[in-house]
Amino acid sequence: MLTYRPGATVLHRLDPRGKLLVQFGLAIAVVAHPTVPWLAGTTLLGLVALAAARLSPLTVVRAYWVVFAVLAVAPLLAGVALGPPWFRVDPALRSLRLVARVVPVLFASAASLRTTSVRETRAAVQRLVPGKAGQLLGVGMALVVRLFPLVLADVREVRDAIRARGGQRRPAWERARLLVVRSLERTLGRSDRLGVALRARCFAWNPTLPPLTLERRDYPVLVLGVALALSPLV
């Protein structure tokens, strides 16, 4: 699971609002232009973002291997035919072009996640989306980013505990039931403890967030994000 790491890369020094805007614009661009040149260009942009964050594409693939596995299987399933010739190339290529749109967005998101702290991301969200909606979105984003790795760790601990007790000798459906039930129990318990902790610490919807200041190096990033977001209109 990718998490934030302090550093001094180019992306670490960029304003988080610009990074959010580029991700937003990139998602719009790949959906609006599912053509090979656009997919190649946006994928190259995602790779450049990873290089700027000093993050290997293989690290991203390992972190999101489940997502990439699903994306890899989708074109194969789309090409399967229930009769001769048993596999059709055209549907598989169409599915491949559709799922390929996810890759550059994942690369850009991974680069932003590695180089932007949760507090900075929350501050950027609340400044881009004013009012209660921005506060709710910022709090939700911060909680998800902080808690999701813990939920995954709980699932892994439950899986290891089942194996340690000889669970591999049980039927697959029983192992799946135990994994789901125990993981949900831990997740709900963690949610209850989080609610108590927030109340005990006088949780504030609008805490003092880090100041954000646009500098000269941020403007090209903002222009890129706006250009990507408006690309469907061109």
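**Contacts, cavity, loops and helices**

Author: A229 touches F24, G25 and I28, leaving aside residues up to four places away in sequence. Please note that this is a predicted model.

Reader: Which helix is A229 found in?

Author: A229 belongs to helix 11, which covers residues 219-230.

Reader: And how far apart are A229 and V30, in sequence and in space?

Author: In sequence, A229 and V30 are 199 residues apart. In space, their C-alpha atoms are 9.9 Å apart.

Reader: Let us change topic. How many cavities of 30 Å³ or more does a search of the whole structure find?

Author: The search finds one cavity of 30 Å³ or more. The volume of the largest cavity is about 30 Å³.

Reader: Which residues line the largest cavity?

Author: Its lining consists of P16, K19, L20, Q23, S112, T116 and T121. By class, two of the lining residues are nonpolar, four are polar and one is charged.

Reader: Which helix gives the most to that lining?

Author: Helix 2, residues 16-32, gives the most, with four residues.

Reader: Now the backbone. What is the phi of R54?

Author: R54 has a positive phi of about 55°, although R54 is not a glycine. R54 sits in the loop between helix 3 (36-52) and helix 4 (57-63).

Reader: Is R54 buried or exposed?

Author: R54 counts as exposed, because its relative accessibility is 71% and the cut-off for exposed is over 50%.

Reader: Where does W86 lie?

Author: W86 lies in the loop between helix 5 (65-79) and helix 6 (89-99). The phi of W86 is near 75°, a positive value in a residue other than glycine.

Reader: Why does W86 count as exposed?

Author: W86 counts as exposed because its relative accessibility is 56%, and exposed means over 50%.

Reader: One last topic: at what angle do the axes of helix 5 and helix 7 cross?

Author: The axes of helix 5 and helix 7 (residues 102-115) cross at roughly 170° and come within 12 Å. The two helices are therefore roughly antiparallel to each other, since angles over 145 degrees count as such.

Reader: Which residues make the contact?

Author: Helix 5 contributes V67, F68 and L71, and helix 7 contributes V102, V103, L106 and F107.

Reader: How do the residues of that contact divide by class?

Author: The contact of helix 5 with helix 7 has seven nonpolar residues, no polar and no charged.

Technical notes
Residues are numbered from 1 along each chain as its sequence is written. This is a predicted model: local features need pLDDT of at least 70, side-chain atom pairs count only at pLDDT 80 or more; totals for chains, interfaces and linings use all residues. Side-chain values use heavy atoms; hydrogens and water are left out. On a 1 Å grid over the protein atoms alone, a cavity is a set of points where a 1.4 Å probe fits but cannot get out, and a pocket is an open set with protein on both sides within 12 Å along at least five of seven lines; lining residues have an atom within 4 Å of a point. Grid points are joined across faces, edges and corners, and a volume is the space filled by probe spheres set on the points. Ala, Val, Leu, Ile, Met, Phe, Trp, Tyr, Cys and Pro count as nonpolar, Asp, Glu, Lys and Arg as charged, and the others, Gly among them, as polar. Contact means heavy atoms within 4.5 Å. Buried means under 20% relative accessible area, exposed over 50%, partly exposed in between (1.4 Å probe, protein chains only). Axes are lines fitted to C-alpha atoms, for helices over the stretch in contact, and angles run from 0 to 180 degrees between N-to-C directions. Angles under 35 degrees count as roughly parallel, over 145 as roughly antiparallel, 65 to 115 as roughly perpendicular and the rest as oblique.
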